[in-house]
Amino acid sequence: MMFTHKKYFTVFLLFAITLFSACEKDFLDVKPSLSLVVPSTLSDIEGMLDNVSELNYSALNIVSVLDDNLFVPDNVYTSQPDYIQAAYVWDDDPDFLKNDWNGGYSTVFIANNALALLNETKPASDLDFNKQDELRGKAIFFRAFGFWELLQLYAPVYEPNTAAQKLGIILKTSNDVQQWLGRSNLQDSYARVLEDLHKALTLLPDQSAYKTRPDKTAGYGLLARVYLSMSDYENAGKYADSALQQYAVLLNYNDLSKPTANFNPFLQFHDEVVFHHTANSYSIATTSSSSGFIDTALMQSYADNDLRKQLFFQQFGNYYKLTGRYAGGSRGLSGIGTDELYLTRAECLARQDRVEAAMADLNTLMITRWKTGTFVPFTASTQEEALQIILQERRKQLLGRNLRWTDLRRLNLDPRFAVTLTRNVKGQVYTLPPNDPRYTMYIPSAEVLVNQLVEQNQR
């Protein structure tokens, strides 16, 4: 249940006051120990916001089980915990996503606690005043990220004409653990995320020393992602462009080595990463023997000279698994990357009927993904043709990035791009039609039971 209840205060306050090093060269091997020192200085608060274990490794990764990129054989399915089995077939179990509900509000809690402490801290100098503003921007950014992720699971897709009449999420903006709130409407929920991000942009530094700390480029990038999820393509394109104006570096996949069982070609904090944010993968979506495979039709869409085919995947028997994880190691990147920004800007340009500019953006990215000398630029003569190509490449490039579920939700609103998801499990066929109510998950039953102000999602 959400962390507004008193009995959770002690546990999660310990999370909030744990001081971690944000230095990228150290935190791979860090073994954090709890400190019972009550945060009181700017350095203490910075330590809270450098809690990478809770804030940067915190993505709500159940979406990787819900979307259509994964194929799970029967023997793998039956080996999974009940809640993973339920998620894979879009079951209406109200409790299989309780960990994601708690995880999202843990991020919000830590951010709100940092903001409360910042409001109580008196800067001793102009330097401290600037530091305080920067930390406030980071806390607001993390809160916005947490709220947005929760919206992708527990609230319906955004439609401007109906958002004021639909339920959103609980907008907890205080660290008061005894404050009980109901759900705001969807319009206000997204408005809160946008307000937070626009405020954060006025406070974040132009560039951060560490990719675990958000800066202005990350702020622009997250704004682009949020607006895209709202089908606000004008603003999504605008902020993707703002981010790329600040940082537009792309990897050349020709410079990378093919993955092996113990080697990921994508190094942690590589040059395409704008903001490092990841999630632990559920075993069903890893490369273990008890995991699923990449959808066969999706695999067949990669051309032989497309280097993503060898850098993203390894073959296991007749099927493939995603082994090239974009955040390095075994983790997928749920944070911001320049590849995502190029694809967002390209899609938004196409939707403005600027087809030539859209394809130029796509080709700028794609030439770095293909074997040198083999790339033939993509072309399109109509807006719809450009969108079909860009959306297909978006799915292929952003695989394992926690974005496909959000894309399915928004694209289902347009009959041209709507899809019906299908699973065949032990001889039974399960389907998830476009715009099905199950694209909005149940609030965990414990939360609804304890907090009577929370209204359950309906079927």
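# Exercises on burial, helix packing and salt bridges

Phe 269 has a relative accessibility of 14% and therefore counts as buried, where buried means under 20% relative accessible area, exposed means over 50%, and partly exposed is anything in between, with a 1.4 Å probe and protein chains only. The model is predicted, so local features need pLDDT of at least 70 and side-chain atom pairs count only at pLDDT 80 or more, while totals for chains, interfaces and linings use all residues. Residues are numbered from 1 along each chain as its sequence is written, and side-chain values use heavy atoms, with hydrogens and water left out.

## Exercise 1: Loop residues

Task: State in which loops Phe 269, Ser 231 and Asp 255 lie, and decide for Ser 231 and Asp 255 whether each is buried, partly exposed or exposed.

Solution, step by step:

1. Phe 269 lies in the loop between α11 and β2 (273-275); helices (H or I, at least four residues) and strands (E, at least two) are DSSP runs, numbered from the N terminus. The phi angle of Phe 269 is near 65°, which is a positive value in a residue other than glycine.
2. Ser 231 belongs to the loop between α10 and α11 (233-246), and its phi, near 60°, is again positive in a residue other than glycine. Because its relative accessibility is 26%, Ser 231 counts as partly exposed.
3. Asp 255 sits in the loop between α11 and β2, and with 63% relative accessibility Asp 255 counts as exposed.

## Exercise 2: Helices around α10

Task: Describe how α10 packs with α8 and with α11, and say whether each pair is roughly parallel or roughly antiparallel.

Solution, step by step:

1. Two packed helices are described by the angle between their axes and the distance between the axes. Axes are lines fitted to C-alpha atoms, for helices over the stretch in contact, and the angles run from 0 to 180 degrees between N-to-C directions.
2. Helix α8 (residues 126-154) and helix α10 (residues 216-229) pack at about 20°, and their axes are 11 Å apart. The two helices α8 and α10 are therefore roughly parallel, since angles under 35 degrees count as roughly parallel, over 145 as roughly antiparallel, 65 to 115 as roughly perpendicular, and the rest as oblique.
3. For α10 and α11 the angle is about 160° and the axes lie 8 Å apart, so α10 and α11 are roughly antiparallel.
4. The crossing of α8 and α10 is left-handed, that is, the near helix is turned anticlockwise from the far one by less than a right angle, whereas clockwise would be right-handed. The crossing of α10 and α11 is left-handed too.

## Exercise 3: Salt bridges

Task: Find the salt-bridge partners of Arg 136 and Arg 308, and work out where the paired residues lie.

Solution, step by step:

1. Side chains of opposite charge can pair when their charged atoms come close. A salt bridge is a side-chain nitrogen of Lys or Arg within 4 Å of a carboxyl oxygen of Asp or Glu, and by this rule the count comes to 29.
2. Arg 136 meets Asp 133 in a salt bridge at 3.3 Å, N to O; both residues lie in helix α8, 3 residues apart, which is about one turn of the helix. Arg 136 counts as buried because its relative accessibility is 16%, while Asp 133, at 21%, counts as partly exposed.
3. Arg 308 forms a salt bridge with Asp 306, with the closest N and O atoms 2.7 Å apart, and both Arg 308 and Asp 306 are buried.
4. Arg 308 also meets Glu 393 in a salt bridge, at 2.5 Å, N to O. This pair links distant parts of the chain, with Glu 393 in helix α16 (residues 383-397) and Arg 308 in helix α13 (residues 308-311), 85 residues apart. Arg 308 is buried because its relative accessibility is 0%, and Glu 393 is buried because its relative accessible area is 4%.
5. Elsewhere, a network of salt bridges links Glu 347, Arg 351, Arg 394, Asp 407 and Arg 410.
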